[in-house]
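Here's a walk through one protein, from a pocket to the core and then to a few individual residues. Have a look at the model first.

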Amino acid sequence: MKAIFIAYNQAYNEEIVEVLEKFGQRGYTKWEDVGGRGSVDGEPHLGSHAWPTQNHALFTAVPDNLCKDIMEALRKKDEQFQDLGLRAYSWPIETNI
């Protein structure tokens, strides 16, 4: 299994879940109102008066064979709307219950 962590602009809302569902991935944990600032460029998303936009974050555990396809679909979404900001990371899961 692979873990995927996705941080994204709140404007994506359910679009990220739709990417997972497209590949039959049902389970995930989602956090809303997550602050952050990109490492390269873009505006901070801090939920403050000066920087009102917020992020959401999502964690999911996927079968190894789905990880590459899901990450590629997320990459395409990020390329379509680069100003919104979307970051995704994957790593192996050694054990789970």
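Which strands each supply at least two residues of the lining of the largest pocket? They are β1 and β4 (86-92), where strands (E, at least two residues) and helices (H or I, at least four) are DSSP runs numbered from the N terminus. Before going further, some housekeeping: this is a predicted model, in which local features need pLDDT of at least 70 and side-chain atom pairs count only at pLDDT 80 or more, while totals for chains, interfaces and linings use all residues. Residues are numbered from 1 along each chain as its sequence is written, and side-chain values use heavy atoms, with hydrogens and water left out.

Back to the pocket. On a 1 Å grid over the protein atoms alone, a pocket is an open set of points where a 1.4 Å probe fits, with protein on both sides within 12 Å along at least five of seven lines; lining residues have an atom within 4 Å of a point. The largest one has a volume of about 430 Å³, counted as the space filled by probe spheres set on the points, which are joined across faces, edges and corners. Its lining has 21 residues, with G38, D41, G85, L86 and R87 lying nearest the centre. β4 gives the most to that lining, with 3 residues. By type, the lining splits into 6 nonpolar, 9 polar and 6 charged (Ala, Val, Leu, Ile, Met, Phe, Trp, Tyr, Cys and Pro are nonpolar, Asp, Glu, Lys and Arg charged, and the others, Gly among them, polar).

Now zoom out. There are 2 helices and 4 strands, and reading along the sequence gives β-α-β-β-α-β. The radius of gyration is 14 Å, close to the 13 Å that the globule rule gives for 97 residues, so the protein is as compact as a globular protein of that length; the radius is taken over C-alpha atoms, and the rule is 2.2 Å times the number of residues to the power 0.38. If you count contacts (heavy atoms within 4.5 Å) with a separation of 6 or more, 71% are between residues 24 or more positions apart.

What sits inside? Of the 97 residues, 31% count as buried, meaning under 20% relative accessible area, with exposed over 50% and partly exposed in between (1.4 Å probe, protein chains only). A nonpolar core is a set of buried Ala, Val, Leu, Ile, Met, Phe, Trp, Tyr and Cys residues joined through side-chain atoms within 4.5 Å. In the largest such core, with 17 residues, I6, I16 and L74 touch the most other members. β1 (2-9), α1 (15-22), β3 (55-62) and α2 (64-80) each give two or more residues to this core, and α2 gives the most, with 6. Beyond its neighbours within four places in sequence, I6 contacts residues including I16, H56, L74 and L86.

H56 belongs to strand β3 and is buried at 5% relative accessible area.

Most residues other than glycine have a negative phi. N13, in the loop between β1 and α1, has a positive phi near 35 degrees, and D33, in strand β2 (residues 29-34), has a positive phi of about 55 degrees. N13 is partly exposed at 38%, while D33 is exposed at 57%.
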